[in-house]
2 protein chains.
Amino acid sequence: MNKKDRPIGVFDSGIGGLTVLKEIIKELPDEGTIYLGDTARVPYGIRSPETVIRYSFENTRFLSSRDIKILVVACNTASSVSLDAIKNSIPIPVIGVIEPGAKAAVRATRNKKIGIIGTEATIKSGSYTRAIKAIDKDVEVFGLSCPLFVPLVEEGWTEGDVVTMITKRYLEGIKDKCIDTLVLGCTHYPLLKKVISSVIGEDVRLIDSAVEVAQEIKATLEIAGLKREQEEMPLREFYVTDSPERFIKVGERFFGQKIEHIEKIAVGG
Amino acid sequence: MNKKDRPIGVFDSGIGGLTVLKEIIKELPDEGTIYLGDTARVPYGIRSPETVIRYSFENTRFLSSRDIKILVVACNTASSVSLDAIKNSIPIPVIGVIEPGAKAAVRATRNKKIGIIGTEATIKSGSYTRAIKAIDKDVEVFGLSCPLFVPLVEEGWTEGDVVTMITKRYLEGIKDKCIDTLVLGCTHYPLLKKVISSVIGEDVRLIDSAVEVAQEIKATLEIAGLKREQEEMPLREFYVTDSPERFIKVGERFFGQKIEHIEKIAVGG
């Protein structure tokens with residue numbers, strides 16, 4: 001296949017990356033996409049860096065075998081701990097979600113105080129702090145893990161008393177830092193935007209990396225001369241490591257459209 | 001090694017089975033134990049039966065290789081979907097957590113209306129309903145999945161407003177069934193006993209299978225003539241599939257004592 005016509009490969013620990021895929025398709029509707037959700041081993045956010053790196057490698061190996069032209073690591077946890085290792089392991093461009101989010105946050109902040117919320121593993125890795133400080137070392141960064149947000153979103157509880165109360169309890173730890181920008185450092189969190197905004201205050205800018213990631217992919221493809229030029233319908237394939245049933249049911253809320261052409265495969269174990 | 005002196009093997013998807021191990025050690029303090037928590041792939045409750053069966057086989061293979069005399073599947077999800085398959089695969093007694101819990105519930109009910117709460121996979125499998133109906137077909141069984149209970153307990157939020165509100169929202173679906181007995185069909189739930197009892201009403205009997213499981217193991221060892229008779233300190237070993245750090249930190253709340261002699265191993269993938 002002509003290199004330009006190859007699809008974009010995207011992996012995530014499960015369904016969260018569908019919020020990123022959605023933006024990619026919106027921004028680059030003519031590009032083919034192959035999405036892999038490692039649903040047999042989700043969530044990554046509670047696991048050790050070694051385990052996340054092993055899983056990320058196995059996902060990368062699967063997508064590489066599908067002849068992709070660019071790899072998107074659409075998971076904050078995997079991007080936080082394994083992006084450099086993945087970049088060194090394959091000869092195509094690799095895009096994570098941390099750097100685009102960090103750039104957008106630095107652009108948005110006025111008072112140079114940025115909050116980051118994410119999984120335990122993402123926050124512990126310090127990846128956002130490093131990425132932000134690399135752009136502007138004077139920015140203060142406050143990280144906070146919110147472990148219940150992922151299960152809440154997966155349960156479909158994205159508004160109402162319970163989620164508001166939990167959000168208040170978590171964000172309490174960051175409210176007195178006078179941040180003016182808050183990075184939603186987990187692909188599940190955009191579904192909680194409304195309640196997060198109402199709790200932290202509407203004057204705090206929320207950064208959802210998905211839009212930035214799509215822009216970064218577009219720029220990378222343009223620079224490398226890799227934009228697809230075919231007129232036929234682009235490829236839309238989904239792979240999961242557990243049965244597709246739950247992925248489709250929960251995932252369509254994230255993706256905002258029907259999920260078709262889906263298959264269960266084995267990666268690694 | 002003399003067959004009697006071999007340890008009891010226990011596996012769970014993660015840390016929940018420590019509530020069962022705790023009861024086993026209380027009931028059978030002279031028996032050695034090897035505990036395996038599949039922390040690299042926890043939680044099982046959101047996965048398909050095929051995946052849970054595969055993981056259970058891999059855990060069983062590891063424990064079998066450690067020369068155990070009896071296997072305890074201390075995870076409701078794994079017991080629900082894979083117990084028969086495991087029983088057929090190894091030549092030693094295998095004890096799950098469903099049947100002991102079902103027996104205790106049938107003994108406890110007066111009005112023959114029993115509620116079961118558990119993970120999505122456990123409730124969907126219908127395992128408790130089958131086990132209860134096999135003892136007394138006239139009992140009415142009401143199953144209800146409570147997906148947020150496991151992450152709540154792991155976060156350490158076992159009392160207070162948030163957990164009470166979530167418990168109310170879940171148990172609403174079972175409150176008008178006039179049950180007099182409620183099975184805590186997940187090894188994490190005993191840590192929520194207080195709030196569950198206050199929401200469902202103190203006249204509803206809560207069944208925690210751990211105590212029943214320990215009794216069943218004791219009876220099985222006695223009947224088979226397999227009780228340990230050595231006087232030295234019994235073996236206490238722990239294995240996990242992800243880094244031990246988080247297991248120790250969260251697990252000691254479940255186990256109620258220090259977790260030592262722990263090692264990370266690989267099972268299956």
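## Terms and basis

Buried means under 20% relative accessible area, exposed means over 50%, and partly exposed falls in between, using a 1.4 Å probe and protein chains only. This is a predicted model, in which local features need pLDDT of at least 70, side-chain atom pairs count only at pLDDT 80 or more, and totals for chains, interfaces and linings use all residues. Residues are numbered from 1 along each chain as its sequence is written, and side-chain values use heavy atoms, leaving out hydrogens and water.

## Glu237(A)

Glu237(A) has a relative accessible area of 18%, so this residue counts as buried. Glu237(A) sits in strand β9, residues 236-240 of chain A. Strands are DSSP runs of E with at least two residues, helices are runs of H or I with at least four, and both are numbered from the N terminus.

Contact means heavy atoms within 4.5 Å. Not counting residues up to four places away in sequence, Glu237(A) touches Thr33(A), Ile34(A), Tyr35(A), Arg66(A) and His261(A). With Arg66(A), there is a side-chain to side-chain polar contact at 3.0 Å. A polar contact is a pair of N or O atoms within 3.5 Å; within protein, one must be able to donate a hydrogen and the other to accept it, and residues adjacent in sequence count only if both atoms are side-chain atoms.

## Thr19(A)

Thr19(A) belongs to helix α1, residues 18-27 of chain A. Thr19(A) is buried because its relative accessibility is 9%.

The Thr19(A) side chain reaches two backbone oxygens: that of Gly16(A) at 2.9 Å, and that of Thr187(A) at 3.1 Å. Leaving aside neighbours within four places in sequence, its contacts include Leu191(A), Ala210(A) and Phe254(A). Gly251(A) is 232 residues away in sequence, yet 9.2 Å away in space, C-alpha to C-alpha.

Definitions and conventions. Chains are lettered from A and ligands numbered from 1 in the order in which they are written.
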